[in-house]
Amino acid sequence: MKHVKTIAKPELNKITEHSGCGECRSSCQSACKTSCTVGNQVCEQRVLVRNSGK
Amino acid sequence: MIHAFNFKDDYFVYDVESGSLHEIDKLIFDILKNNDLANYDKKEVEEAKAEIETLKANGLLDAPAPEYKMDEKRLDVKALCLHVCHDCNLRCGYCFAKEGTYSGAREMMSLETAKKAMDFLIDNSADRKILEVDFFGGEPLMNFDVLKKTVEYAKQRAKEKGKFFKFTTTTNGVLLNKEASEYLNDEMDNVVLSLDGRKEVNDSVRKTPNGKGSFDLIIDNFKYFRSIRGDKSYFVRGTFTSKNLDFSKDVLFMNDLGFDQISIEPVVLSDDHPLAIHEKDMPKIFEEYENLAEEYVKRRKDPEKWFSFFHFVLHLNDGPCYKKRLVGCGAGSEYLAVAPNGDVYPCHQFVGQTKFKLGNVFDGKLNDELRHTFAKTSLFTKDECQNCWAKYHCSGGCNANSVNFNGDMNKPYKPACEMMKKRLECSMYVFAKENN
Ligand code: SF4
Ligand code: SF4
């Protein structure tokens, strides 16, 4: 495309069987903790996949 | 829902439901914003419109939200904030914990209570494998012996149960001698070192009990910790207030000191507090985030200066799943805080607010009705969030702030929303620059 360059397309709205496994880090948005907004976390399921070399 | 925005002369559109990010030209931006197109060539406009339609057809723009039903019945616990010490050896001007006491007595957690809390976490964690414990205070190193024995106990119990712990300690550095540094380096998954930046900025707020600045007391301790930490996780974490709205300088100063994992957070204080950030400060804060983003992209090209700024880290492609994005922190359901006497609260921000007390680790039973109220709170229950383009990154903000400022978990604290959205635009800009 001439006018658009797609930078990321994660298909957030495709829900997989692993969705909601609950193993990811807990996140806090308050200033007193180093606040972790959800978007800067990684998904543990994807980490597992990565580590197993799949 | 889409969000078209510019970062100076760079234009972007973010598709909220699919999470796609596109770098676009000014023409597409103007079309998406319904701006006047009179100055554009007609053929070009048609071509651009066709590209927009292609993105839509491919599910990359204006994509629909998924069908999802919340399951708020699960109340497993996976993370505890363990207040091992309600006392502090510093007196910081903005401390929400009131010199570490949370408006209560100066108190240390006993080893017995800490062990009970570990049992409580394991017993309530159902099939979760990874458990998290944050050693928090006050200043947790003032109760270092209990901290160490708790780690040892938790690890042994986790082994029996086929689970494992990730530990974090947040420290102001006063007691972070070599021995403590080496211990934390070995045992902690993450270590948070509190420092506000430039010496004069840090010392005007982070003071010792006799009113002196803390910078000189802690800085060598932090540098030593950094020198042994290697590539394991840690953060130098500061707070900015109305007194240092030029906080990008503090971030860069900390980078110049040799730290490469940095976070700086806006202070949250009631409007009448002298350090509070106000609506009128927003334009300056936004400008600072922009300046920081530009300098950040530059420095990250230089291996000597590379650093990570917490709020600009954005995992667009491998971020958390949909469910996580709906509920965020999980305070009150999967994340709880334990006070030195064993009382359990939805999170560290609620500690000491008796109407939010959920129980005590020694009774083993919690107020599940209140926990369900927390578990049910999600993007779906917050009107403002439903129509917010940042929702899947923010997850509806901090419930404690919403309660403290607006008396309702479903009413987000506005200034935090504005800064969140600005940071997200900056992070998308950074992401685009680095993944282009
Ligand atoms: S809390 Fe604010 S920024 Fe976050 S999703 Fe809700 S409205 Fe958006
Ligand atoms: S309610 Fe706020 S302070 Fe508490 S864990 Fe959630 S984001 Fe953090």
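Predicted model: local features only at pLDDT ≥ 70, side-chain atom pairs only at ≥ 80, totals over all residues.
Ligand 2 is surrounded by twelve residues. The closest are C28(A) and Q29(A) from one chain, with C329(B), C347(B) and C398(B) from the other. Chains A and B both contribute to the surroundings of ligand 2, so the site is shared between chains. No charged residue occurs in the shell of ligand 2, which comprises seven nonpolar and five polar residues.

Chain A has 54 residues, of which 57% count as buried. Its secondary structure amounts to one helix and one strand. The accessible surface of chain A is about 2800 Å². Carbon and sulfur atoms account for 50% of that surface.

In chain B, helix α8 (residues 248–256) was examined together with helix α9 (residues 282–299). Their axes come within 9 Å and cross at roughly 25 degrees. Angles under 35 degrees count as roughly parallel, so α8(B) is roughly parallel to α9(B). On the α8(B) side, the contact involves S248(B), K249(B), V251(B), L252(B), N255(B) and D256(B). These meet E288(B), L292(B), E295(B) and R299(B) of α9(B). The contact of α8(B) with α9(B) has five charged, three nonpolar and two polar residues.

Several residues of α8(B) are buried: S248(B), D250(B), V251(B), L252(B), M254(B) and N255(B). The packing partners of these buried residues include α9 of chain B. The others are α6 (199–205), β12 (234–240), β13 (261–266) and β14 (308–309), also of chain B. G258(B) follows α8(B) and has a positive phi, near 110 degrees.

Individual residues in other helices of chain B were also considered. D30(B) is found in helix α1 (residues 26–32). The relative accessible area of D30(B) is 5%. Buried means under 20%, so D30(B) is buried. Beyond its neighbours within four places in sequence, D30(B) is in contact with N35(B), L37(B) and Y40(B).

N399(B) lies in helix α14 (residues 399–406) of chain B. N399(B) counts as buried because its relative accessibility is 7%. Residues up to four places away in sequence aside, N399(B) touches F350(B), T377(B), K382(B) and M409(B).

Y224(B) belongs to helix α7 (residues 215–229) of chain B. With a relative accessible area of 22%, Y224(B) is partly exposed. Y224(B) touches K178(B), S181(B) and E182(B), again not counting residues up to four places away in sequence. L176(B) is 48 residues from Y224(B) in sequence. In space, the C-alpha atoms of Y224(B) and L176(B) are 9.3 Å apart.

Conventions: Residues numbered from 1 in each chain as written. Chains lettered and ligands numbered in written order. Heavy atoms only, no water. Near = heavy atom within 4 Å. Nonpolar A, V, L, I, M, F, W, Y, C, P; charged D, E, K, R; others polar. Helix = DSSP H or I, 4+ residues; strand = E, 2+ residues; numbered from the N terminus. Buried < 20%, exposed > 50% of the residue type's maximum accessible area, 1.4 Å probe, protein only. Areas by Shrake-Rupley, 256 points an atom, 1.4 Å probe, with all protein chains shown as cover. Axes fitted to C-alpha atoms, helices over the stretch in contact; angles between N-to-C directions. Parallel < 35°, antiparallel > 145°, perpendicular 65-115°, else oblique. Contact = heavy atoms within 4.5 Å.
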